[in-house]
Amino acid sequence: MTPSNTENAPSKPDEPAASKAPAAAASAPKPAAERPYSPGLEGVLAAETAIGYVDGANGRLLYRGYPIGQLVEKGTYGQVAELLWTGEWRRTARLVPAELPEPVVCALHELPEHTHPMDALRTAVSVWGAWRRPHWPPTVDQVRELTSFAPSALAAFHRIRNGQDPVKPNQKLSLAGGFLQQLNGKDPDPAAARALDAYFVVGAEHGLNASTFTCRVIISTRSDLASAICGAIGALKGPLHGGAPAEVVSQLHEIGSPEKADKWVREAIARGDRIMGFGHRVYRAYDPRAAALRKVAEGMADMADWLDTAVKVEDVVLRIFGELKPDRVIKTNVEYYAAAVLQGVGLPPDLFPPTFALARMAGWGAHAIEQASADKLIRPDARYVGPPETDVPSFGH
Ligand code: ACO
C-alpha cells in the first residue's frame, strides 16, 4: 500500500494518483517505497541557513562567518546573540537580565519539590508565552525578550527549591553575570561572570541539531515562539543531546587520579560504555568549542587541580581511542571542558543542562526567525511498513 502525502485522503493501491490529478502528478514526489530512507535524517539537508556553519571535517564552527574562537576572545554573549539574530556585529549590543512577570513566579512556586530544572525552565517559558502572547512570525524583539527572561526564571526556580525568595536582577550586569547574581543573591566575581559569558557564546548556536530542528518544525506550522522554545527545551533534555557535562564530572570523580585512567578507560570501552565528553556525530576533528572552553577554564582561579587531572585523563583517553579505534576519529567534544567551566562558576550539576538551554536560546531564536521568513511547512514523509489494507473484522451485529 502506498502511503498518502496528505493527512486525511488515503489512496488505494489500485488507484494511482495520476488517474485522479494528472497536473499534480507531474510534480509529485516518487512513492515513498522508491525514495531513499535515512534513519535519524542523517545526511539529509532539511534547511538552508545563513546563521552558523559546522565544518565537521576540519573542526571549524562559524557564526555568520566569524570563527568561534575569535568570537569568544573578542565578543560578549550580547553581541553574539544580536549577530545571530540580525547578522550585524555591533559593539554596543547588550543583553540584560529581565524581571520576571508575576504569573511566572507564581507558577514556579507551585512546582513539586522534586521538579527537574529542565522541566522548570520549560514550564517558565510556557507561562511566559501565555502571559506575553508572542504571535507568529517571531521577531528579534520577541527573541531578545525571551533570551533575557530565561536566566532569571531558572535562577528563581533554583532559589525557590532551596527555600529562598527570588531576587531582582541587577540590570547593570551581563546576562550571564545577572544569572549568577540571581542564583546566589549577590553580585558575582567578575571573572566568573566572564567565564560563564564565554560558555554562553560557545553554546549559542550549532547548526541543525535536534533541538534547533524541533524549534524550526514548530515555527514552520506558524506556531508561536514560546511553543517552539518549549519544544526545543524538551529535545535538549534528552541525554543524547544536552546531558553529557554532568556525567563528565562524575566520570572524573570515579577515575580519581590520572594514573588510574588507563585501566578505567580500557575497562569502560571493553564493557561497551561511552566515555563522556568524547566523540561527535559531525566533528571528525578536535571540537573547536572544546578548544575555546579549555582556554577559558585555564584562566579560572580555582580550577587548576581539577583541570590538571582533566587534561591528563584527556591525553590517556585520546591515546587509547587512537589505539583501539584507529578507523574512527574520536576526539574531545565541547562537553568535556564545558563541565570545567560550569563547575568552576559554582553551578550544581543538575543546572548544567538548563544552563546550556539558556545559551542556546540565541541560536534557537535566530533559527525561529529564519524559518519563519522561509515560511515553508516542514512535513517529511514516512515509508509505510505496516500490514496491507484489510477489512475491519465484523462482530456480527
Ligand atoms: N566512547 C566510547 N566509544 C565511542 C564514543 C565514546 N565517547 N564515541 C563513539 N564511540 C564509538 C562507538 O562505540 C562506535 O564504535 P563501534 O563502531 O566499534 O561500535 C563508534 O565509535 C561510532 O559510534 P556512534 O554512536 O555510531 O557514533 P556517533 O557519531 O553517532 O556518536 C556520540 C556521537 C553520540 C556523541 C558519541 O560519540 C557518544 O556517545 N559520546 C559520548 C557522549 C557525549 O560526550 N555526548 C556529547 C556530545 S556533544 C553534544 O551533544 C553537544
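**Exercise 1. Find how the lining of the largest pocket divides by residue class.**

Solution. 
Step 1. Sort the lining residues of this predicted model by class. The largest pocket has 23 nonpolar, 14 polar and 13 charged residues in its lining.
Step 2. Take the volume. The largest pocket holds about 2,000 Å³ of space.
Step 3. Go to the centre. The lining has 50 residues, and Asn 209, Leu 240, His 280, Arg 281 and Val 282 are the closest to the centre.
Step 4. Name the elements. Strand S1 (52-55), helix H10 (210-220), helix H12 (244-255), helix H16 and helix H17 (352-374) each give two or more residues to this lining.

**Exercise 2. Locate the ligand and describe its surroundings.**

Solution. 
Step 1. Count the neighbours. The ligand is surrounded by 19 residues, and the closest are Ile 275, Gly 277, Phe 278, Arg 328 and Asn 333.
Step 2. Class the shell. Seven of its residues are nonpolar, five are polar and seven are charged.
Step 3. Look for polar contacts, with N or O atoms within 3.5 Å. Gly 277 places a backbone N or O atom 2.8 Å from a ligand oxygen atom. Arg 328 uses an N or O atom of its side chain, 2.8 Å from an oxygen atom of the ligand. Asn 333 has a polar side-chain atom 2.9 Å from a ligand oxygen atom.
Step 4. Check the cover. Alone, the ligand exposes 930 Å², and the protein buries 71% of that.

**Exercise 3. Describe the second largest pocket.**

Solution. 
Step 1. Its volume is about 850 Å³.
Step 2. Its lining has 25 residues; nearest the centre lie Arg 35, Ile 378, Arg 379, Pro 380 and Asp 381.
Step 3. H10 and H17 each supply at least two of the lining residues.
Step 4. By class, the lining has 14 nonpolar, three polar and eight charged residues.

**Exercise 4. Count the cavities of 30 Å³ or more, then describe them.**

Solution. 
Step 1. The count is two.
Step 2. Start with the largest cavity. It contains about 50 Å³ of space. Its lining includes Tyr 199, Arg 289 and Phe 356. Helix H9 (190-203) and helix H16 (334-344) each supply at least two lining residues. Five residues of this lining are nonpolar, one is polar and two are charged.
Step 3. Turn to the second largest cavity. Its volume is about 40 Å³. Among its lining residues are His 280 and Asn 333. This lining divides into four nonpolar, four polar and three charged residues.
Step 4. Link back to the ligand. Asn 333 lines the second largest cavity, and Asn 333 is also among the residues closest to the ligand.

Conventions. Residues are numbered from 1 along each chain as its sequence is written. This is a predicted model: local features need pLDDT of at least 70, side-chain atom pairs count only at pLDDT 80 or more; totals for chains, interfaces and linings use all residues. Side-chain values use heavy atoms; hydrogens and water are left out. A residue is near a molecule or strand if one of its heavy atoms lies within 4 Å of it. A polar contact is a pair of N or O atoms within 3.5 Å; within protein, one must be able to donate a hydrogen and the other to accept it, and residues adjacent in sequence count only if both atoms are side-chain atoms. Accessible areas come from the Shrake-Rupley method with a 1.4 Å probe; for residues, only the protein chains shown count as cover. Ala, Val, Leu, Ile, Met, Phe, Trp, Tyr, Cys and Pro count as nonpolar, Asp, Glu, Lys and Arg as charged, and the others, Gly among them, as polar. On a 1 Å grid over the protein atoms alone, a cavity is a set of points where a 1.4 Å probe fits but cannot get out, and a pocket is an open set with protein on both sides within 12 Å along at least five of seven lines; lining residues have an atom within 4 Å of a point. Grid points are joined across faces, edges and corners, and a volume is the space filled by probe spheres set on the points. Helices (H or I, at least four residues) and strands (E, at least two) are DSSP runs, numbered from the N terminus.
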